[in-house]
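Please read each point with the structure open beside it.

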Amino acid sequence: MNSQDLLTPCYVYDMALLRDTIEAIKAEIKEHDNYFVHYAVKANANPNILRCISESGLGADCVSGGEIKAALEAGFPAKDIVFAGVGKADWEIELGLDAGIGLFNVESIPELEVINEIAGRMNRRADICFRINPDVGAHTHANITTGLAENKFGISMSDMEAVISASRQMDNIRFVGLHFHIGSQILDMEDFVALAHRINHLQDQLEEEGINGVKIINVGGGLGIDYNYPDSNPIPNFHSYFHTYKNELELRPGQELHFELGRSIVGQMGSLLTRVLYVKEGHVKRFAIVDAGFTDLIRPALYGAHHHIELVKIAADNTSESAKSSSPTPLLYDVVGPICESSDVFQKDCPLPPLHRGDLLAIRSAGAYGEIMASQYNCRQLPHVLIINEA
Ligand code: LLP
């Protein structure tokens, strides 16, 4: 397609990179028939992406009834779907039980009681893992840290024995394991080491209390990607991630180890393409005003997240000397969107070749938590999507 015809803002998804990323995961876990990876659908629920992941044999980690429906439609077998989330509504629990999903990750006793009651009414039994809050901090943005005692997620470690015992009194519940998740965009393997050691300690504690039958340990997701150099590191370091758990976590005989990876699977395969609408020379700043805004990609505005931005195509009618030069001297631009809020900034002082109206920019590493978090604020349209390198 001629890039002049491309409707922007537009997410472009590279399916070849997605396939290579999944292969890299499978290569790391192939020797471990007790390792299971579930894709965290919350990162990107585009149907083409879900279909590709389901065909690869990974499971799905869902946090809403809508995600369960999307996963089933994309072909994930129900038994390979896990349902997590701090506030599951009754209809979502019914949907999960009716479809026969593999597991519920349960975050509180009141939730457990409701699942037990609904399962009884439906004549089903729910296999459940308890999400335990391990009080392990992750070196990442405060808004995406989840494993601290102050966060709303999970059951506190000191209540663990009591909730397991309570679940064993319930007719329609089968306790099968423990679930953890400490946060997202984690690049320091020491954070995962800390989680593994905490789990070892908790397993010792349970055994001392005579509590056995923990079939599944689920360590959640969180592996980060390289937002600064997406071309140098298109595939995350799965080797050190899986090896960290292999070396540090003391699984008991027969235990399964589950992972819920989102960003590391889909982050690098997506870019947000946007056109320069206007270049505005301010008194202290030079602005590139583009047609994408935080309605299309909210991460910079919400978390102060960095995404590498590059010029991919100069406008066809741009005949300026600087545009013709192969390596023009970069200028610093604040790349900003059209939304009526000061936080609608993709990057401040971003070095780019001299820009002109119509130039096409790529905001990289936008495959995870991009399109799926888009909104229609300001009555804007949702972004377009272009799939490339389909099999
Ligand atoms: N499992 C649980 C229980 C989670 O809460 C999450 C992410 C994942 C797995 C997947 O984590 P990942 O592998 O993608 O790091 N919108 C934020 C990220 C929020 C993550 C929420 N939970 C962002 O754009 O950075």
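1. The domain assignment divides the chain into domain 1, made of residues 3–10 together with 268–388, and domain 2, which covers residues 77–261. Please keep in mind throughout that this is a predicted model. When the centres of domain 1 and domain 2 are taken over C-alpha atoms, they lie 37 Å apart.

2. How many residues of domain 1 and of domain 2 are in contact? On the side of domain 1 there are 11 residues, and these are in contact with 12 residues of domain 2. The area buried between domain 1 and domain 2 comes to about 1000 Å², and carbon and sulfur atoms give 49% of that area.

3. Polar pairs deserve a separate look. Across the interface of domain 1 and domain 2 there are 4 residue pairs in polar contact, with both residues of each pair at pLDDT 80 or more. On the side of domain 1 that touches domain 2, helix α10 (residues 299–303) gives the most, with 3 residues. The count of salt bridges between domain 1 and domain 2 is 1. In the salt bridge of R364 and D231, the side chains meet with a distance of 2.9 Å from N to O.

4. The surroundings of R286 include residues from elsewhere in the chain. If neighbours within four places in sequence are left aside, R286 is in contact with K280, E281, L331, L332, Y333 and D334. With one of these, E281, the side chain of R286 makes a polar contact of 3.2 Å. Another, Y333, is 47 residues away along the chain, yet the C-alpha atoms of R286 and Y333 are separated by 5.2 Å.

5. Helix α4, which spans residues 90–99, has E92, I93, G96 and L97 as its buried residues. Seen down the axis of α4, these buried residues fall within an arc of 135 degrees, so they line one face of the helix. The elements against which the buried residues of α4 pack are the helices α3 (65–73) and α5 (109–121), along with the strands β4 (81–83), β5 (103–106) and β6 (126–133).

6. Finally, I would ask you to look at the residue that follows this helix. Just after α4 comes G100, which takes a positive phi of about 80 degrees.

Definitions and conventions
Residues numbered from 1 in each chain as written. Predicted model: local features only at pLDDT ≥ 70, side-chain atom pairs only at ≥ 80, totals over all residues. Heavy atoms only, no water. Buried < 20%, exposed > 50% of the residue type's maximum accessible area, 1.4 Å probe, protein only. Helix = DSSP H or I, 4+ residues; strand = E, 2+ residues; numbered from the N terminus. Arc of directions from axis to C-beta. Contact = heavy atoms within 4.5 Å. Polar contact = N/O pair within 3.5 Å; in protein donor to acceptor, adjacent residues only side chain to side chain. Domains from an automatic or database assignment. Buried area = accessible area lost by both parts, 1.4 Å probe. Salt bridge = Lys/Arg side-chain N within 4 Å of Asp/Glu carboxyl O.
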